[in-house]
Amino acid sequence: MNIFFIIFILFIFNISDSFACKTRTISHINIKELPVLKQEKHHATVSKRIVSKLITLHYCQFDFNEDFLKKIFNRYLNTLDFRHNILLESDVNKYLRYKINIIELLKKGDLNKLYNLFNLIQKKRFERFKYSIERLKKTINLNSYDYFEVDRSNSSWPKNIVELNRLWDKEIIFDWLNLKLLGKNDQEIIEKLTKRYYFILKYLTHLKSEDVFQLIINSFTYELDPHTVYLSPYDTKKFNSEITLYLDGIGVILQQNYENIIINSLIINSPAEKNKKLNIGDKIIGVGQNKKSIIDIFGWHIEDVIDLIKGPKGSKVYLKVLSNYKKSKSRIVKIIRDRIYLKNNNVKLVLKQYDKNKIAILNIPSFYIGLTNDVNNKLQKIINNNCSIVIIDLRGNGGGILNEAILLSGLFIKNGPIVQIRDSNNNIYQKIDSDIKNFYKGLLVVLVDCFSASASEIFTAAMQDYKRALIIGEPTFGKGTVQQHKTLNRIYDNLLNPEWPILGSIQYTFQKFYRVDGNSIQNIGVIPDIILSTKNIYEIGERFEKNSLKHDKISSVNYDKYNFIPKDLSFIKNRSLDRIKKKYCDIYYNYEILKCFKKNEKLISLNYIFRKKEETKMKINCINKYYLCCKSLLHFNYRQKTFDQFDFYLDESIRIAIDFKNLVSNFR
């Protein structure tokens, strides 16, 4: 959890008003409420274990020279003060003089200096938001000719308090203008921003030692590569649930609105849903393991509330709940915990009829344990329904279990190598599908986007190299590395240190994978056979990461190609382009708006009249582009309203698949 990124998002953008806050309460938040955080006893051991593992087992060999050590410390410093608007230049120089060697501190398990820096910045951050609250009581100048700098990560730190105050005055004006442009009056703006800053102050008082420890460790791990990361105990539990698709609890999805914990949804067939006493929008204000020991959780972190609610199957939990309507009284709800299967995250099958074509769409959100078995069962249904085309939708699929990608590939080919693996000793070996049975022999299409990564790319690349499937969509993420997940707990920990909590885990890069043709997916990704216009305007992908491993190539291996994909796809591409020009042009209207804002996001005017003109001009430019593209605008308003419900990429992929079927008369 990057706590300061969360604070920045809350500070810059509009967040919920569900929390009712009175100004008099703000005066009661004192800087003495800020905890002085120190490393916990087990952190020293965990730190040593992490460094030892990464130095020994990571794919790359690292030279811990002065430049590398400086990068680690600067990352930690910039994570704490990412907008360079908390510390003064003199504060930074003081710590830089120490030339703190984070690696040596991590090896020794002595993190006191790094905690001291965190506490200093916390104190100064608290003072800054108190300043902002007081500043709202004074006149706000909306006629300034100054600009707000959105990204200050490379800007210098302010030299004195005058410069610092000027920066924060700009932050406040920027927030004010955003709300004013949404139609808020001055009083509404003051109330909303006061609530926002107050919530951040309260949030700072609830941070824990583990939050700091995670920031310190990941300042080191990220310099190794973007996918080597320390997972806190909470994140470890979440990771395990995503891989196994189950957890023990009651089945509520929570969200945090300021200091309130709100029920966002109920998992179908879970104890919470079957209980019939909980509703979406209810506030949970207390949690207890029995009726007499209910704890007030007002202002708690959502992670801590989740941990309190979770528990072993068959145990009881008591929730103190307040419904979201006037004059409602709190009530106690008893629920017996059970094993919850996260069915929303498993493979989904949708059958569609397009003209005379039966289309089967398999949506795979992740490569979880048991995925291949689930897909195999779906394929039996697909075959029984005489579907002529299968579309595997891997959009947004960030990967998962490597072996599931191998097994899944085996459902669509007879046998052969799926992927090549190289370890840190330059040993290269193959992952092979040895089962000669081909479960599905029909026409296959794979749909991907810029978020399709890792195991998704292994499967997609194999289908493309074997010419077994037509690949449609965007170039994929480009993550060509393999991670191993290891717990940091030892068998003897509970015996020697019974007071320790359950420890977290480490996920580290230990291998690199290559396509059967020898090319690495790293940084490049899988380039689709039919590329649809990209929505990836915010530089999403491995190639945009500073510390990503390089693309390279090894020798290809022997494998038998299929004859499903013809060399000339121009017929299909041209028909798709024609449809997009005639029918789908308005889909790109929203993307054009995003592109406009993307171009203008570095410096934003703090003058209300200028800002209003800028936004109007941007919208007009985007609409003009839309008019140039679209000939018919009769249904524009209706189609804009239904834009969120309309899946252009899937719709066009189906039509491409039908064209593909008509083009290919003979296939095995």
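This is a predicted model: local features need pLDDT of at least 70, side-chain atom pairs count only at pLDDT 80 or more; totals for chains, interfaces and linings use all residues.
**Overall make-up**

The protein has 668 residues, and 52% of them are buried. Its secondary structure consists of 22 helices and 21 strands.

| Helix pair | Angle between axes | Distance between axes |
|---|---|---|
| α4 (residues 66-80) and α7 (residues 112-135) | about 25 degrees | 10 Å |
| α15 (residues 402-410) and α16 | roughly 25 degrees | within 8 Å |

How are α4 and α7 oriented to each other? Their axes meet at an angle of about 25 degrees, and angles under 35 degrees count as roughly parallel. Helices α4 and α7 are therefore roughly parallel. The crossing of α4 past α7 is right-handed. On the α4 side, the contact involves F73, Y76, L77 and L80, which meet L114, Y115, L117, F118, I121 and R125 of α7. Sorted by class, the residues of this contact between α4 and α7 are nine nonpolar and one charged, with no polar residue.

For α15 and α16, the angle is roughly 25 degrees, so this pair too falls under the heading of roughly parallel. The crossing of α15 and α16 is right-handed. Helix α15 contributes L402, A405, I406, L408 and S409 to the contact, while α16 contributes A455, I458, F459, A462 and M463. This contact of α15 with α16 holds nine nonpolar residues and one polar residue, but no charged ones.

**Residue Q464**

Helix α16 spans residues 455-465, and Q464 lies in this helix. Is Q464 buried or exposed? Its relative accessibility is 15%, and a residue counts as buried under 20%. Q464 is therefore classed as buried.

What does the side chain of Q464 reach? It comes to 2.9 Å from the backbone oxygen of I527. Leaving aside residues up to four places away in sequence, Q464 touches I471, R515, V526, I527, P528 and D529.

Note on methods. Residues are numbered from 1 along each chain as its sequence is written. Side-chain values use heavy atoms; hydrogens and water are left out. Axes are lines fitted to C-alpha atoms, for helices over the stretch in contact, and angles run from 0 to 180 degrees between N-to-C directions. Helices (H or I, at least four residues) and strands (E, at least two) are DSSP runs, numbered from the N terminus. Angles under 35 degrees count as roughly parallel, over 145 as roughly antiparallel, 65 to 115 as roughly perpendicular and the rest as oblique. A crossing is left-handed if the near helix is turned anticlockwise from the far one by less than a right angle, and right-handed if clockwise. Contact means heavy atoms within 4.5 Å. Ala, Val, Leu, Ile, Met, Phe, Trp, Tyr, Cys and Pro count as nonpolar, Asp, Glu, Lys and Arg as charged, and the others, Gly among them, as polar. Buried means under 20% relative accessible area, exposed over 50%, partly exposed in between (1.4 Å probe, protein chains only). A polar contact is a pair of N or O atoms within 3.5 Å; within protein, one must be able to donate a hydrogen and the other to accept it, and residues adjacent in sequence count only if both atoms are side-chain atoms.
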